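Let's take a walk through this one together.

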Amino acid sequence: MDKSKFSHWFFIGPHIILFVVFILIPSIYGVYASFTNWNLMTSPTWVGLDNYRTILTNQDSSFHHEFFNGMKNTLIFVGVSVPLMVAIPLVIASAIEHKKVKFKNFFQSIIYIPGLISISAAALIWSLIFNSQLGMMNNFFGADTVWTATQPYAWMTIFIMTVWGGIGGNMIIYRASISNVSQDLYESAEIDGAGPIRKFISVTLPSIRFPLIYTVVMTTAGAFNVFGQPLMMTDGGPRESTTVLMMYIRDLAFGSGQSIAGMASAMAVLLGMVILIISAAQYYVMNRNSA
Amino acid sequence: MKKRLAFLIVAVTTLLLTGCGGNENVIEFWTPLTGEDGAYMDQLVEDYNDTDPEHPVNHVITSDLYTQIYTVLQSGSGIPDLTLIHADRVPSFVNNDLLVPMDDIISQQPELNEDNYLPEAWTAGIIDDVQYTIPLDIHGSAMYYNIDLLEQYDVMDWLDDDVVTFDEMLELEGQLEEGHYVVNDALLGWVALAQLQNVGGDIEGADGEPTVDTDEMREVIRYLREINKAGLMTPYGEDGYLMFQSGNVLFSTDGTWSRLAHEQVESLNFGVTNTYSHSAEVFHNRSSAHLFSMLRSEERTPEKEEGIGEFLEYIREHSIEWAEAGQIVASREVVEDPEYDQFMQSFYTQDERHEDSLYIYTYEHYPYVAEAIDNYIADIVHGEMDVDEGLHEMQRFVNDRVAEGDAELEDAADAVEDFDDDVDTNE
């Protein structure tokens, strides 16, 4: 028996098994469930496109309202948080990589460590900071705002917490990429009279094109799946203005009362399609422009 | 080399399979008790296991009990022998044929009968005259008061008849120091559901349909808005629970279990009374109950069922420990034990009038109604949302969810009918 013929399966096999069991089969079943009426207790009943029709076209339905409100709030989160989660780490990484900056690893650790804290624990910390009675924000600055119940502050608390906990990972990637950019390029640019901003735009950014595309696509996909931050900080309020789609999906499938898993699956499939289309578009646009 | 590898594989597989197995005699008992109450239940189970029963109990706390239940029911294996579920889940579980009646256990343990439990808790498990559960406790709304603040504002007499009324609360309009409030909005949804009973409303219509957008609910909201408008309720979005603990609120409408947390606050001098009402004559405390139940499972043997009966009888006799968790124990023997009087929640079982105030909603679609109310009530009461719009949204929220469930049941019934037709044709 030719051992080498099968050896690669030993390396890739465990991952394939985990992928099939925990990702592929549940995903396929999730798509199937979106065409059914299912309460998780009895067998799913095939309803064809009914769930999609209700969500997308029946304006009298609460599911229609929930989907579009959830999608709108999710898009707000994505639209604001993704640029912040890309730009801030990029600027920090560039700053840390500057040759005059000392204690590079110390600063990197300070920024990276919040990402290791669970969302629940982080939300507790930030909830207390923004607590109108006990919180630092109101007591230090003399404000009397109920941050999590007033817009736009409710969104602000969510974004602050997200950026605080989320920039470390991207920053590490950018820093590693920037440190690999040849110094010759910077020196040549300097000889040509380029200042720091010109060097950043014309040398650094094109040189880290692939890590940039990767982080933008992954951060966007992650942002679409936001759940913990609004749940813990604002519980979707005030007046459902921070209730994101994942919160509605979870409530429908695993909330109180009988599960409405078919409708929840249909919403999840639609969300998945939006993520897929936007990620593909981002990849295409960024790859084409930088090619 | 090959032999060693084969031995290693066999050893690992054996270990894994052993891990999957478990003792057949053990009663697997699942609960959603993720808070401090889980530790008290652990202690009760440990005490029971120390009696060396033939069927010891393994207490498993799961944060997402109902999701876990659906998962094991779908897979058909690993179904727990005993579960602790909430009263509002019983109707839908029974309608979907997920629960086994407690008849056999009751016949084996004659003390597990209606007379030995608080009636509200016992009847919460009855559907169509069949007993599906044995109660552990009632846990519900409780209204705590700050004794120091009541004395400061000279309103201790509000407590004389055990019911604080809206009119009494309104007496303090314009009288409070800055930063002080009469009542918070903690568990406001539960308060609204208690008020709904006070004004004679209900969440179930004559034909079994859910009713939220009703005149009675409008009246409830009017009362609550009046308190808010008078500046007596903690502001929108504030943590009213925390404000009570920090000594700024006279009354806190939270749960019986909150006593444990309030006791941790050294400076808080507090007591407990009934949820406020529009009249001292009519009052309710919206409640739920933890109920022991058995999910339908082919793996549960009659011997194990016997063991479950013995465990439930032990709990009935020894659940004074459970009172430590802040719950109103359902066992009559425990409630009537003088030792139980030391617990604050004994207030709610001091006489029949108070026992009757513990109202458990057992309407099949109650969870949807409660969710709708929880989602919108604070916005409506604090004036962030128009009353008509809010009630309309709540009603739509519930109607759409109920319609989904009904459609599924109809489909299931059609499927059964089709199957029967096929069988008839083949015959």
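How far apart do the C-alpha centres of domain 1 of chain B and domain 2 of chain B lie? Before answering, keep in mind that this is a predicted model. The two centres lie 29 Å apart. To find the domains on the chain, color 24–138 plus 288–360 as domain 1 of chain B, and 140–286 plus 363–405 as domain 2 of chain B. Each domain is therefore listed as two stretches of the chain, according to an automatic or database domain assignment.

Now look at where these two domains meet. Domain 1 of chain B brings 26 residues to the contact, and domain 2 of chain B brings 27 residues. Together they bury about 2,100 Å², with carbon and sulfur atoms giving 55% of that area. If you want to pick out side chains on the domain 1 side, start with Met344(B), Tyr348(B) and Tyr359(B): these lose the most area to domain 2 of chain B, together 31% of what that side buries.

On the domain 1 side, the elements that give two or more residues are α2 (36–49), α4 (90–95), α16 (352–357) and β13 (358–360) of chain B. Of these, α16(B) gives the most, with four residues. Sorted by class, that side of domain 1 of chain B has 12 nonpolar, nine polar and five charged residues.

While you're in chain B, have a look at its aromatic rings. Over all chains, a search of the whole structure finds 30 aromatic pairs. One of them is Phe166(B) with Tyr276(B), an edge-to-face pair with ring centres 5.3 Å apart and planes at 70 degrees. Phe166(B) sits in helix α8 (residues 166–170) of chain B, while Tyr276(B) is in the loop between β10 (270–273) and β11 (285–295) of chain B, so the pair ties together parts that are 110 residues apart in sequence.

Next, zoom out to see both chains. The contact between them takes 36 residues from chain A and 33 residues from chain B. Chain A and chain B bury about 3,100 Å² between them, and 46% of it is on carbon and sulfur atoms. On the chain A side, Met41(A), Arg239(A) and Gln258(A) supply 22% of the area buried against chain B, more than any other three residues.

How many salt bridges are counted between chain A and chain B? There are three, and the count for the whole structure, over all chains, is 17. Side chains of opposite charge can pair when their charged atoms come close. Between the chains, Glu389(B) and Arg239(A) form a salt bridge, with the closest N and O atoms 3.1 Å apart. Glu389(B) lies in helix α18 (residues 387–426) of chain B and Arg239(A) in the loop between α11 and α12 of chain A, so this pair joins two chains.

The same interface also has 13 residue pairs in polar contact, both at pLDDT 80 or more. On the chain A side, α3 (62–97) and α12 (245–254) of chain A are the elements that give two or more residues. By class, the chain A side has 13 nonpolar, 17 polar and six charged residues.

Pro238(A) lies in the loop between α11 (228–233) and α12 of chain A, and Arg239(A) is found in the loop between α11 and α12 of chain A.

For another cis bond, go to Gln151(A) and Pro152(A), where omega is near 10 degrees. Pro152(A) lies in the loop between α6 (136–141) and α7 (153–179) of chain A.

Terms used: Residues are numbered from 1 along each chain as its sequence is written. Chains are lettered from A and ligands numbered from 1 in the order in which they are written. Side-chain values use heavy atoms; hydrogens and water are left out. Contact means heavy atoms within 4.5 Å. Buried area is the accessible area (1.4 Å probe) that two parts lose on being put together, summed over both. Ala, Val, Leu, Ile, Met, Phe, Trp, Tyr, Cys and Pro count as nonpolar, Asp, Glu, Lys and Arg as charged, and the others, Gly among them, as polar. A salt bridge is a side-chain nitrogen of Lys or Arg within 4 Å of a carboxyl oxygen of Asp or Glu. A polar contact is a pair of N or O atoms within 3.5 Å; within protein, one must be able to donate a hydrogen and the other to accept it, and residues adjacent in sequence count only if both atoms are side-chain atoms. Rings of Phe, Tyr and Trp (its six-membered ring) pair if their centres lie within 6.5 Å; planes under 30 degrees apart count as stacked, over 60 as edge-to-face and the rest as tilted.
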